[in-house]
Each structure stands twice: as structure tokens, then as C-alpha cells.
Amino acid sequence: MYFLNFKNRNGMFHDINGRSGTLVGHQGKMAEPTETLILDITKKGKPTLGGISLEYEPTMPTKFMVGTEQGIVLSCNRKAKSPSERIVANYSGHYGPVYALQRNPFFPKNFLTVGDWTARIWSEDLRESSIMWTKFHKSYLTDGCWSPVRPAVFFTSRMDGCLDVWDYMFKQNDPTLSLQVCDDALNCLRIQDSGSLMACGSHSGNVTLLELSDSLSQQQRNEKASVNQIFERETKREKILESRYRELKLKERAKSQQGEEKPAADEDEEDADELIDEAEKNFWFTVEQEKIGIEKKEKDAEQ
């Protein structure tokens, strides 16, 4: 459930019925919903997805997002003219329910999802795949959230009772800190607006309050600009891979239409290897050019 505040209006909240696959909005009287959205990406008017999590960003009053039981995230528009146009885009990448869904408070077009054994960071510009993701954990992930004060930091909780702290300014392959909070599964996380206190709720009904260090609750120098560069770099990399993959598919389709024989399996593997190598070369070339540009800006600033 998500409560919204509108100027010159009564409060409104959205609720999800996962079994029926519908999203309902209530305003004023609660006897009947004022809005109903069927979570259907097939445009047939029948519920096909079960909602399980919601995301609403106050700076984007007409947009909201829904995480589903099927591992798909839906981007929706409240002001669409017809019900079929309300679901604008969908993002698929998890193998199980999306338990947590939140936009980065500093870069709203990038959002975090938590489901199955991974946490993923997405860009609204890319629908085929996420731009960054954590390693696959041995234990199931249950919740996650961004730090409200540090754009590079987010938190995830696990079924084995561990809290993982991820700081992409420090390292990206592994958590910066893993803390065994309790022996029971951690089900939910909530962080204070100042970013210094965090509450962890367990399956047994206990709540543990944690105090974060200054390094995790105070923004570092040039952190916002650095995180923006990381997100843009990874988005460019995924776009390159997507475009190359589509080109390869178009070539294969053209060959099959011309009646040519399908390439052998080893030739397919060679084409895929060449595709990856070329994409990586383009990616690292872009990174080097960005580094040169940053160094020039720093030298000019010093002078």
C-alpha cells in the first residue's frame, strides 16, 4: 500500500490485490475505489500479473511503478486516456517476485529492484535488461532500499538474517559490509530520512534498530557526479550490446528469408564472440574518452 498526498485534495492511497492482478486507488470514502487498473500486458483486459510492490515518486506525479509476482516491473501512467495505455513499459529480469522497488532519490530515472537472489539497477531508457546487478546470493533476497543521502549506497536483506550494504564508490562485485542481524529471516527494511538509522524487521516479529557510520550517512566529495557517470557508462554499454544483438538477429533473419542454409553451431558461437569483443572495445574506448575529459576539467579547475 502506498499513501499519496495531493495539494488541495484529500489523501489518496493505492493498494494491490496480488491474487486478482488489480491495482485500486482510494480517495476520501473507502467503500469503493476511485481508480482500478488491471495488470495486463497482453491488452486483453484480463489479469495476467499479480502485483506485489509499488513505487511512487512525488516529483513525477503522473507516474508510478508496480513490481509483480512474475518478476516483471510495470511502468504506468495515471493520466492515460484509456486503460490499455496506462501500462507504458515493462522490465523483465527477475526469476521470482519483485519484493522491493525504488527509484534512486538523486537520479529518478534509475531504479532498484530486489527479487530472487539478486538486486538490480535499471534505467528507464533500457527495457531489455538491467544496467547493473549484484551477484547471485545463496540465500533469497527479501527487501532493499536506497540511502536517502548517498546516491551510491543501497541496502538489501536476506532470508538468512543478513543485511548487506552496497557502496558502488568502494566496490561493485561484493557488499561493502555484511551484517548478521538475527537468526531469523529479515523481511523488511526502513531507513531514516537523515540516513543514519535503519530498522530491520524479522520474520519472528522483532525489529532491530541499527546506527550507520558517518561514512555511510554522509555524502562523499563529487559522489553525485561520479555515480551519474557510472550509470551513464553502464547504460551506454548495455545499449551497445542491445544494438549489436539486434543487428545479428536481423542478419540471421535476412539469411533465412533468402533461403540460405542456417549457419552451423560453431559459426554462431564465433559470431557471438566477435559481437562481445567488439562491444567491449567500444565500451572501453568510451570509458577512456570520459576519463580524458574528466582529467581535462580537473586541470582547468586547478588553473
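1. Let's start with a pair of facing residues. In this predicted model, F111 stands opposite W122, and W122 belongs to strand β11. Follow the chain around that spot and you will find that β10, made of residues 110-115, runs antiparallel to β11, made of residues 118-123. How many bridges join strand β10 to strand β11? There are 6 bridges between them.

2. Now widen the view to the sheet around these strands. It is an open sheet of 4 strands, and their order is β9-β10-β11-β12. The pairing is antiparallel. Which are the edge strands? They are β9 (98-103) and β12 (132-133), each of which pairs on one side only.

3. Between β10 and β11 there is a loop, and D116 sits in it. Have a look at the backbone here: phi of D116 is near 45°, which is a positive value in a residue other than glycine. Is D116 buried or exposed? Its relative accessible area is 1%, so D116 counts as buried.

4. N222 is not a glycine, yet it has a positive phi of about 60°. N222 is found in the loop between α2 (214-217) and α3.

5. Next, the inside of the protein. In soluble globular proteins, nonpolar side chains tend to be buried together. Here, the largest nonpolar core has 18 residues. The residues with the most contacts inside this core are L112, I121, M132, F154, Y168 and F231. Which elements each supply at least two residues of the core? They are β10, β11, β13 (141-146) and α3 (223-257). Helix α3 gives the most, with 3 residues.

6. Leaving aside residues up to four places away in sequence, I121 touches F111, L112, S130, I131, M132, W146, F154, Y168 and F231.

7. Charged side chains come next. A search of the whole structure finds 15 salt bridges. One of them is between the side chains of R150 and E223, at 3.0 Å from N to O. This pair links distant parts of the chain: R150 is in the loop between β13 and β14 (153-158), while E223 is in helix α3, and the two are 73 residues apart. Are these two partners buried or exposed? R150 has a relative accessible area of 0% and is buried. E223 also has a relative accessible area of 0% and is buried.

8. E247 and R244 both lie in helix α3, 3 residues apart, about one turn of the helix. They form a salt bridge in which the closest N and O atoms are 2.6 Å apart. E247 is partly exposed, with a relative accessible area of 35%, and R244 is partly exposed too, with 23%.

9. One more pair is worth a look, as it belongs to a wider arrangement. E234 forms a salt bridge with R233, and the closest N and O atoms are 3.2 Å apart. E234 counts as buried at 8% relative accessibility, but R233, at 22%, is partly exposed. The cut-off for buried is under 20% relative accessible area. Which residues are linked in a network of salt bridges? They are R233, E234, R237 and E238.

10. Finally, some totals for the whole chain. The secondary structure comes to 4 helices and 19 strands. Of the 303 residues, 42% count as buried. The chain exposes about 17,600 Å², and carbon and sulfur atoms supply 49% of that area. Among contacts with a separation of 6 or more, 44% are between residues 24 or more positions apart.

Conventions: Residues are numbered from 1 along each chain as its sequence is written. This is a predicted model: local features need pLDDT of at least 70, side-chain atom pairs count only at pLDDT 80 or more; totals for chains, interfaces and linings use all residues. Side-chain values use heavy atoms; hydrogens and water are left out. Two strands pair if DSSP finds at least two bridges between them. A nonpolar core is a set of buried Ala, Val, Leu, Ile, Met, Phe, Trp, Tyr and Cys residues joined through side-chain atoms within 4.5 Å. Buried means under 20% relative accessible area, exposed over 50%, partly exposed in between (1.4 Å probe, protein chains only). Contact means heavy atoms within 4.5 Å. Accessible areas come from the Shrake-Rupley method with a 1.4 Å probe; for residues, only the protein chains shown count as cover. A salt bridge is a side-chain nitrogen of Lys or Arg within 4 Å of a carboxyl oxygen of Asp or Glu.
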